[in-house]
Structures are given as structure tokens and as C-alpha cells.
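User: I have a model open here and would like to know what stands behind the terms used for it. Could you take me through them?

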Amino acid sequence: MCGIVGIVGKGPVNQDLYDALIVLQHRGQDAAGIMTINDGMFHLRKENGLVRDVFRTRHMKRLSGNFGIGHCRYPTAGSSSSAEAQPFYVNSPFGIAFAHNGNLTNAFELQDEVYRIARRHINTTSDSELLLNIFAHSLQNTGTMEVQPQEIFDAVKTVHQKIKGAYAVVAAIIGQGMVAFRDPHGIRPLVLGKRTTESGDEYMVASESVALNAVGFKFIRDVAPGEAVYVSEKGELFTQQCAENPACTPCIFEFVYFARPDSEIDGISVYASRVNMGRKLGEKIAREWADKDIDVVIPIPETSMDVALQIANTLDKPYRQGFVKNRYIGRTFIMPGQKMRRKSVRRKLNAIGSEFKGKNVLLVDDSIVRGTTSEQIIEMARESGAKKVYFASAAPEIRFPNVYGIDMPSANELIAYGREIEQISECIKSDGLIFQDISDLVEAVKEENPNLKGFETSVFDGNYITGDVDQAYLERIDSARSEKAKANPKVQTELSNLEMHNMDS
């Protein structure tokens, strides 16, 4: 999962790109990059680290130009490298800078095709560079030095025909304009915005609507699944549907965890969807746990706070902030390696003892993946004097790996894999555990946009909507993502060649 942004403006865009990446920082904390275009030259700054640390005044001064793209990176396989920070660049045709959010599920097959047919060299293990070269090769046969919108759309059509998986893309073509497109299933989000100035209209694309708000762009609409958007350097907007059978099935985990609550994705308020999740889960708790002597409802900050408040209202129980979060610690979910993950939990949260002492508490979290964080937080609650600790998850049991760009690890590392709820409860040492039903989760999100037919829910039900994920692929994922493989450089190198590290975006 990454954050992407692109702007075609009438004045310098470096500050707007930076500000947009700041509010998209939650989508990726490993690396950040901005590339702008000015006087026929690309200007690039990218490096490992948070947005605020990667860009200094001296870098911003060099990022001149009225046109540019940005990216914040979230790696999901093993160690990260600054060489894989984005945007990426190829010099033919024209010169293309490229940023990508998602994951290609047929990257291994495409690597061979790119080498044999396109005769292009892939210099990193990132599937984003692979996607860039496929797009560039598809655009290679333009007849003139000024690319036409239809030639852009034809290239995107070719990309859709060749590539499978989840992807939202923004590209800057030097001397031409900005291209943005979304996979035919709409798994990864992408929005389009506009700002009118005295000099004319400016256009922006971004992963979430909150990025538009941050820099004063007005939300126009979501980029449709399979659609391509082209904005010329002059500021002319062109759009076209480039997929044969598009269907909007966004990743439901965007609403559970990843997206900011003040964003809207595919006509759905993320905040409202989480309130609905809380109401649904609260009703289930009231039905099934009528005998539980819950004294207080406490969220595990921050994603679950809206859910927990609604649960408390539904149960007519007090809602309390029992944990203080250190906001300068990165998400434990994103951290590579179990040892680092375990260490960071205690640094990230501290309990307020008075809210736990002598009480039966219901802790609420957005989800349970490995169970590492849940177990330690329950332990913290007990150390703070809680009599009983119940645990509620706003998401159903996560039993299957994610192949569309989220770090849901090897199936064997998922705490719900092969276990019933009672067994999971024993593993995390809770006095009771309850999960949201998948039907309730879908309804909670769909309630905000009844026109949506479905969602990408593979981590819960094993249904991979791109239709190309079989057991052999999952076994490759299992091997590549195992902690043992990540700890062994030789094994990791071999697996990188096989899997393309295609979970890095």
C-alpha cells in the first residue's frame, strides 16, 4: 500500500506535492519521492524515510516546475532499499516518471516478456518498475513528437490486457502531460480534483480525497475502475474507459484500516463506514455477549476509535481513552520483522491505569493479523489492573494472505489460520473474543454507497477477484513472506527473483 499524487498546475507544484504526501504518510512510511518537470528536465528527490525527513529546503528549491508527481512507499516483502523508492524513470519514449500503488499478481511472467519482447532491463526487484516499462513499451510506437490522447488511452488498454492485480498509477511524460489510471477492478483508490486559478484550471490526482483537501483542490470524482485520465501540460483534461469489463470492487481493508477517516473512496465516507461497523459489531456483542459483565469500552488507537465509540453507544456502556499513543512511532503493522514489531508495541502505547484498575474492559481494535500486538495490549491492560479483558475486532478473522499490496503475511503467520475463535482467544490471552461477521462488514461499508456491487475481501474469504491466484501462487507468497526467508539473505535473493518482490507497493 502506497500513496501517490500528481499535479499539473499553472505555478510551482513542489510545495503542493509535499503537502499532499504529508497527509498521505499513513499509506507508506518507508520511503518518499517527488519528481517535477521544468524546462524540459526532470528534477528528482527520493530516499528512504518519512516525507518530513526526505525533503529539506535545498531539495525543494531544486524541485522546480509546474508539473510533477509524488509517492510514499510501503514495502511488504523483507528489507527495503532506497533504490526502490519511487518515482521511477525511463528515458524512452519521451521520458516517463512513474509512481504506483498496488501489486501485480502476474509479475513473474511479465518479467520474462519484458526482457524477451520489449528488450527492456528491469533494474530493481519492484513490480512498479516492471509496470512502468510495460506502459512505456505500449506507448513506444507513437508517430509524432507530440503524443495524442488516444495514443495514451491505447497504451493503457494494452496495460490492462497484459497486467493482472491491483494498481493505481500516476505518470509524468516530459513535454506531454500527466497520465493516471486504475485497475479494472478498482481495488486501489484514485481520485481526481480541480483548482481554478487566475491563470487557468489545475488538475490533481491522488490516492485519497484528503490530499485534495489539503492543498485546496476541489474533489471532482473517483477515477473509475479501468479508466485513464490524461492532462496535457497546457491543462487540457481527457478521460476514457480503457478496460473491457470494469467492475468497482474496492479493497474493503481501505475502510477498515488504511484510509484516513476524513477521506471518501468510491462514494463512501471512511468515517461513516467505521461508525456503521461499530453499530453492527455492537449489536452482535449485545446479542451474543449478554452475559458478559463489561464495565467500559476502550479503543486501541487510532483506527478503531470511531468503531469503539459506536459500540459503547450501542451497548450503553462508558467509552474511555485507556491508551495514550506515541505518535512518533511508526505503524507496527508495517514494520519488518517480528522482533522489531514486538519491541515497538510498548513504545507505541502506554496505558492509563485508572481506566483499567478493577474493571472488566472491552478492548476494540480494527483487526487482528498476527496477534502480536493484541496479546501485548491485553497484557498491558492486565498489568494496569483490569479484572477481565474482552477483545472485539471490527474486521472478521483474517485467514488468507493478501496479494494486492497489503502486508498480510504468510498464511502460517496469520493467527486465525487453522484456528477457531476460542483458540485465537487463548493465543492472545483474552477472556473473550468476538469478530465482526463478514456480511455485516460488507453491509456497513455498502450502506454509504448502495450502488457498489461488492468488495475485494480475499483476506477474509479467500476469494481473489482477479481470477489468477491459485494454490501454487499462494505457496510462492508463503515462502517469500515467511520470517525465516526474510532473515536469510540467500533465500531472500532467490525468492526475490521468483516473486519480483511485487508486494513492495
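Analyst: Gladly! Helix 5 (residues 127-138) lies across strand 5, strand 6, strand 7 (165-173) and strand 8 (177-182), and runs at about 125° to strand 6. This is a predicted model, where local features need pLDDT of at least 70 and side-chain atom pairs count only at pLDDT 80 or more, while totals for chains, interfaces and linings use all residues. Residues are numbered from 1 along each chain as its sequence is written, and side-chain values use heavy atoms, leaving out hydrogens and water.

User: What makes strand 5 and strand 6 antiparallel partners?

Analyst: Two strands pair if DSSP finds at least two bridges between them. Three bridges join strand 5 to strand 6 (residues 96-104), so the pair meets that cut-off. Phe 88 stands opposite Phe 98 in strand 6.

User: Why are strand 5 and strand 13 said to stand at the edges?

Analyst: The open sheet has six strands in the order 5-6-7-8-12-13, with antiparallel pairing. Strand 5 (88-90) and strand 13 (237-241) each have a single partner strand, so one side of each lacks a neighbour in the sheet.

User: What does Phe 253 touch?

Analyst: With contact meaning heavy atoms within 4.5 Å, Phe 253 touches residues including Phe 258, Ile 398, Met 408 and Phe 460; residues up to four places away in sequence are not counted. Phe 253 is also among the residues with the most contacts inside the largest nonpolar core, which has 54 residues. A nonpolar core is a set of buried (under 20% relative accessible area, 1.4 Å probe, protein chains only) Ala, Val, Leu, Ile, Met, Phe, Trp, Tyr and Cys residues joined through side-chain atoms within 4.5 Å.

Note on methods: Buried < 20%, exposed > 50% of the residue type's maximum accessible area, 1.4 Å probe, protein only. Helix = DSSP H or I, 4+ residues; strand = E, 2+ residues; numbered from the N terminus. Axes fitted to C-alpha atoms, helices over the stretch in contact; angles between N-to-C directions.
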